Amino acid sequence: MSSANTIPDPRVCEQARLSRDPRFDGLFFTAVTSTGIYCRPVCPAPAPKPQNVSYYRSAAAAEAAGFRPCLRCRPELSPADGAWRRGDEVLARALKLIDQGLLAEQPLAALAERVHIGERQLRRLFVERLGAPPIGVHGTRRLLFAKQLLTETSLPITEVALASGFGSLRRFNTSFRDAYAMAPRDLRRQIAPGDGDGLKLRLHYRPPYDFAATLDFLRGRALPGVEVVNAEGYARAFGPAHAPGWLRVTAVSGGRARDHALQLELHGGPPAALLDMVNRLRRMFDLDADPHAIAGALRGDQRLRPLLRRRPGLRIPSGWDGFEIAVRAVIGQQVSVAAARTLTARLAQRFGTALPEPFAVRGFTHLFPAPEALADADLDGIGLTRARADTVRGIAGALVDGRVDFRPEATLEEFVARWTALPGIGPWTAHYIALRALGHPDAFPAEDLVLQKAVPADGSRMSAKALRAHAEAWRPWRGYAVMQLWRDAMTAPAARPPRAA
């Protein structure tokens, strides 16, 4: 498997290409010199001759070398290499900022400043690791997303341009034609897009993926009126309050086994916000993880090894909104999941924005309140202790005035330090927020009682200090160990109700 530094060994790439191994999807791309096309390793087209094949670390590298994306396997559908987009390395933090669209409006110097590195050094790092400079990675990402919208949706081409981050239709047409030797409308003529009510997109992942376990985790924490979670999928209402919408994520139905995708059904939201929503959902459902790399790092632990065998596709389910997760974390201090859900639902119902009547048919009655709505709110009467109410107001005010945030360029250490500086926020809460609001793969709430009892598995309890020392060997994937241990405690016979994890 690949690491954050290198492409897999060419012999491994060759075997993965010939066997169409989905575990390598997105970890490298195959370029065919005789056709000028680059493909995913799972491409169903007849395998080209080895002498005509070269391998690239990223789609951006293949496009920088002059290759165009395959229309059959569609590189825009491959999951990202999670090793490059997760954790605290400079490259990972820079990629998260690119995913948020920073380079669409700001120069490379702004990106370099945000990750505290020189512009020339940042460019060199991207070329060494990904085979393309930051602006090339940004450009390829925009064009591939546009390509997916053109082939899977009926969005007008002007809206496709806006959704993929282009400021004008002319710029979009020129960039698309320069990269792919065809106009956007010509691609749409070749592949009939989907139609019907709402917008539907496939969100691909690298198998194995335990979608049922993710839904189970989210179902136990779903807020009535804001979210609806069942065995088939996850749905929620989202803002802004003046133009709300709703979405639903389910497994792809009627597809081929090798599709390895979830399906997003989206109703509402401006086209310019579409890429951000897709990014949120990819993080929320942890779709860019590499389960084999994670298992390889964790299976050396005797306690985790059987859990990884039992649940190889377990992911980190994060949340749609960082503030919403932070409020849940505060309310969940020292109480059960069920109690935290009840209290958080009361808060959301009282202070959230009411939705129009048609939303009620789908089970949605209100949006979760924004920080501005809770910074000075009277939280009496919903069951919170005075200390918890003060902390909820405190984090809302801190988000409003910028003392804390969810910016992707912060390291885990920086994030925890800023949040624990707030009254009422300790290490457990800060790490829980990092795990579920950021999907940080190394977040580790060592003060968690369930974890302290789950690691020994003999009825004893480890101290937080001993647990941290034990978990050093799990870095940089401690968050996945947390999910395995929480899941094991949840499904164990006669398991005690866990705190609001």
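Modeller: His-116 is exposed, with a relative accessible area of 65%. The model is a predicted one, in which local features need pLDDT of at least 70 and side-chain atom pairs count only at pLDDT 80 or more, while totals for chains, interfaces and linings use all residues. Residues are numbered from 1 along each chain as its sequence is written, and side-chain values use heavy atoms, with hydrogens and water left out.

His-116 sits in the loop between α6 (108-114) and α7 (119-130). Helices (H or I, at least four residues) and strands (E, at least two) are DSSP runs, numbered from the N terminus. Although His-116 is not a glycine, its phi is positive, at about 60°.

The surrounding region can be described next. An unreviewed UniProt entry carries the annotation "domain: HTH araC/xylS-type" for residues 92-190; such positions follow the numbering used here, feature names are shortened, and annotations may be inferred rather than shown by experiment. Over residues 92-190 the chain is 77% helix and 0% strand, and the end C-alpha atoms lie 36 Å apart. Helix α8 (residues 134-152) and helix α10 (residues 169-180) cross at roughly 95°, and their axes come within 11 Å. Axes are lines fitted to C-alpha atoms, for helices over the stretch in contact, and angles run from 0 to 180 degrees between N-to-C directions. The angle makes α8 roughly perpendicular to α10; 65 to 115 degrees counts as roughly perpendicular, under 35 as roughly parallel, over 145 as roughly antiparallel, and the rest as oblique. Residues in the contact (heavy atoms within 4.5 Å) include Leu-143, Ala-146 and Leu-150 of α8 and Phe-172, Phe-176 and Tyr-180 of α10.

Another positive phi occurs at Asp-286, a residue other than glycine, where the value is near 55°. Asp-286 lies in the loop between α13 and α14 (291-298). Whereas His-116 is exposed, Asp-286 is buried, with a relative accessible area of 4%. Helix α13 (residues 274-284) has 8 of its 11 residues buried, so this helix is largely enclosed by the rest of the structure. Among its buried residues are Leu-274, Met-277, Asn-279 and Arg-282.

His-431 lies in helix α22 (residues 427-437) and is buried, with a relative accessible area of 13%. Its side chain reaches the backbone nitrogen of Phe-444 at 3.0 Å. Residues up to four places away in sequence aside, His-431 touches Leu-412, Val-416, Ala-443, Phe-444, Pro-445 and Arg-478.

A cis peptide bond, with omega about 15°, joins Gly-239 and Pro-240, and Pro-240 is placed in the loop between β7 (233-238) and β8 (245-251). A further cis peptide bond joins Arg-475 and Pro-476, with omega about 5°; Pro-476 is found in the loop between α24 (464-471) and α25 (478-491).

Technical notes: Buried < 20%, exposed > 50% of the residue type's maximum accessible area, 1.4 Å probe, protein only. Polar contact = N/O pair within 3.5 Å; in protein donor to acceptor, adjacent residues only side chain to side chain.
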